[in-house]
Amino acid sequence: MKEVVLHVYDVTNSDSEKTNNTILQINRIFKDRIGLGGIFHSAVQVYGEEEWSFGFCETGSGVFNCPVGKNPMYTYRERIVLGETECGIAAVNRILRELSREWPGHSYDLLSRNCNHFCDVLCERLGVPKLPGWVNRFANAGDTAVVVAENTAVKVHIVSCFWLYNFFISNSKGALSHGCFFIG
């Protein structure tokens, strides 16, 4: 049995100090005070002094590692013990090799396939609980909003097309009898 640890960072990798400070403020209010969540990066540590995560790159795997708590792109926030895995080091290395193939860097999506999603999958394969809900809540809410907006747009389009079709059919009979018609 080996301890599995989640390392959480505030996402402060913007070139703008103002943006980074805004993100820190959002995280303080929505995570620390209210407990809802924020804008976070996460990585998983198991066996050794390295943590594993996922990020965008144009070619190759998006899976990467760095020293525990030392990701230079973000501001370290906290460490959360998720449980213990029964996987030995060889099994963990095999899982990481598989995930490296399954998670190419170009497949990264801020809302639907980010570092937190990767860590959830890694934790599942290690046999430990997934990340606490607050870690990826903002991205999940954003992804849900996009899906709802897309579905609504499709429904509005279908309803609009149906309405136009009915309008055209009901009005074309009179228009055809008058020797004119509409081509759209």
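Analyst: Let's start with helix α1, where N20, I23, L24, N27 and K31 are the buried residues (buried: under 20% relative accessible area with a 1.4 Å probe, protein chains only; exposed is over 50%, partly exposed in between). Keep in mind that this is a predicted model, where local features need pLDDT of at least 70, side-chain atom pairs count only at pLDDT 80 or more, and totals for chains, interfaces and linings use all residues. Numbering starts from 1 along each chain as its sequence is written, and side-chain values use heavy atoms, leaving out hydrogens and water.

What do the buried residues of α1 pack against? Their partners are β1 (2–10), β2 (40–45) and β5 (75–85), where contact means heavy atoms within 4.5 Å. Helices (H or I, at least four residues) and strands (E, at least two) are DSSP runs, numbered from the N terminus. The helix itself covers residues 17–33, and its end C-alpha atoms lie 23 Å apart. That agrees with the 24 Å that its 17 residues should span at 1.5 Å a residue, taken over one less than the number of residues. After α1 comes G35, which has a positive phi near 85°.

Now follow the chain into β2, one of the strands that α1 packs against. Is β2 mostly covered or mostly open? It is mostly covered, with six of its six residues buried. F40, S42 and V44 point one way from the strand, while H41, A43 and Q45 point the other way. In a regular strand the side chains alternate between the two faces of the sheet.

Strand β2 has neighbours to visit too. With β1 it pairs in the antiparallel sense over six bridges (strands pair if DSSP finds at least two bridges between them), and L6 stands opposite V44 there. With β3 it also runs antiparallel, joined by two bridges. Here V44 turns up again, standing opposite W52 in β3, and Q45 has E51 as its bridge partner. These two strands, β2 and β3, form a hairpin with four residues between them. In that turn, Y47 has a positive phi of about 60°.

Strand β3 (residues 50–54) is mostly covered as well, with four of its five residues buried. Five bridges link β3 to β4 (residues 63–67), again in the antiparallel sense.

One last stop is the loop between β4 and β5, where N71 lies. Is N71 buried or exposed? N71 is buried, with a relative accessible area of 6%. Leaving aside residues up to four places away in sequence, N71 touches Y9, H41, E51, F64 and C66. Two of these names have come up already: H41 belongs to β2, and E51 is the bridge partner of Q45.
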